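Good morning, and thank you for the time. Please look at the structure on the screen while I describe how its parts are arranged.

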Amino acid sequence: MHPCLVIAGLRKRYGEIVVADGIDFELSQGECLGVVGPNGAGKSSLFNLITGVAAPDAGSIRLDDKELVGLPAQVRARRGVARAFQIPQAFPHLSAYENALAAATFAARLPHREAADQAHEALIRTGLASRCNEKAGRLPLLDRKRLELAKGLAARPRLLMLDEIAGGLTEPEVHALTELILTLKSGVAMIWIEHIAQALTAVADRIMVLNFGRKLLEDTPAAAMASDAVREVYMGVTESQGTGHATA
């Protein structure tokens with residue numbers, strides 16, 4: 001399968017602090033790449049580089065064979081890059097529908113009727129159709145997480161990036177969100193940063209381990225989570241390994 005996302009040689013440093021140290025990976029439609037690592041591994045920095053919040057010092061980010069490096073964040077959004085956050089970013093005084101409509105209108109730049117249809121479809125797919133007229137700020141946390149996903153879907157993503165979206169949920173809520181994310185994989189490439197291992201391994205096709213901006217390995221969920229690298233990363237890293245590299 002031809003990859004829709006190709007990242008090659010991605011590098012970024014802030015002074016002496018390295019947040020991306022030659023990262024390479026590819027991702028196809030319908031695939032989910034899980035990203036794990038401790039605080040300071042470079043996970044959020046990777047997302048910032050892909051979305052255009054930060055500019056890389058070197059490397060390439062190609063989506064559907066088109067280079068994204070050098071493009072502002074809003075243009076990348078129109079190219080199909082969408083991000084869902086751990087702390088929901090909805091407009092609290094707007095309804096769930098209005099939030100989804102805003103994503104379809106301003107991120108995807110769809111005309112009104114098409115944007116309205118896209119917003120409705122996104123709410124249906126995320127189980128929020130019955131709450132579409134409720135203010136986002138009054139929704140319970142799980143539904144606010146669903147709304148994050150709905151906004152991403154409303155933007156017509158080619159790449160959907162989930163930034164610890166299961167954080168703060170109870171175990172049953174994590175299970176419900178995981179089941180929902182599984183239904184959304186078809187037709188989109190997905191990258192998911194997540195500390196809740198059972199959620200990530202239920203969805204991801206591959207897991208990439210980052211530490212101090214370096215890619216340590218990329219493998220199947222079972223192989224990655226059983227690896228010495230993952231155990232070492234989650235049990236702590238020696239000072240000699242950490243010299244000159246830090247931050248997420």
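**Helix packing, the sheet and one alanine**

Helix α3 and helix α5 cross in a right-handed manner. Please keep in mind throughout that this is a predicted model.

Two packed helices are described by the angle between their axes and the distance between the axes. For α3 and α5, the angle is about 35 degrees and the axes are 7 Å apart. Which residues meet there? From α3 come Ala96, Asn99, Ala100, Ala103 and Ala104, and from α5 come Leu147, Lys151 and Ala154.

The crossing of α5 and α6 is right-handed. On the α5 side, the contact is made by Leu142, Lys145, Arg146, Leu149 and Leu153, which meet Glu173, Ala176, Leu177, Leu180, Ile181 and Leu184 of α6. Here the division is eight nonpolar residues, no polar ones and three charged.

I now turn to the sheet. It is open and is formed by four strands in the order β2-β1-β4-β5, with antiparallel pairing. Which strands lie at the edges? They are β2, residues 17–27, and β5, residues 66–67, each of which pairs on one side only. Between β1, residues 5–14, and β2 there are eight bridges, in the antiparallel sense. As one example, Leu10 has Ile23 in β2 as its bridge partner. Across β1, β2 and β4 lies helix α1, residues 43–51, which runs at about 65 degrees to β2.

Finally, let us consider a single residue, Ala107. It belongs to helix α3, which spans residues 96–107. Is Ala107 buried or exposed? Buried means under 20% relative accessible area; the value for Ala107 is 19%, and Ala107 is therefore buried. Leaving aside residues up to four places away in sequence, Ala107 touches Ala77, Arg78, Ala102 and Ala155. By contrast, the C-alpha atoms of Ala107 and Arg138 are separated by 24 Å, and these two residues are 31 residues apart along the chain.

Thank you for your attention.

Definitions and conventions:
Residues are numbered from 1 along each chain as its sequence is written. This is a predicted model: local features need pLDDT of at least 70, side-chain atom pairs count only at pLDDT 80 or more; totals for chains, interfaces and linings use all residues. Side-chain values use heavy atoms; hydrogens and water are left out. Helices (H or I, at least four residues) and strands (E, at least two) are DSSP runs, numbered from the N terminus. Buried means under 20% relative accessible area, exposed over 50%, partly exposed in between (1.4 Å probe, protein chains only). Contact means heavy atoms within 4.5 Å. A crossing is left-handed if the near helix is turned anticlockwise from the far one by less than a right angle, and right-handed if clockwise. Ala, Val, Leu, Ile, Met, Phe, Trp, Tyr, Cys and Pro count as nonpolar, Asp, Glu, Lys and Arg as charged, and the others, Gly among them, as polar. Two strands pair if DSSP finds at least two bridges between them. Axes are lines fitted to C-alpha atoms, for helices over the stretch in contact, and angles run from 0 to 180 degrees between N-to-C directions.
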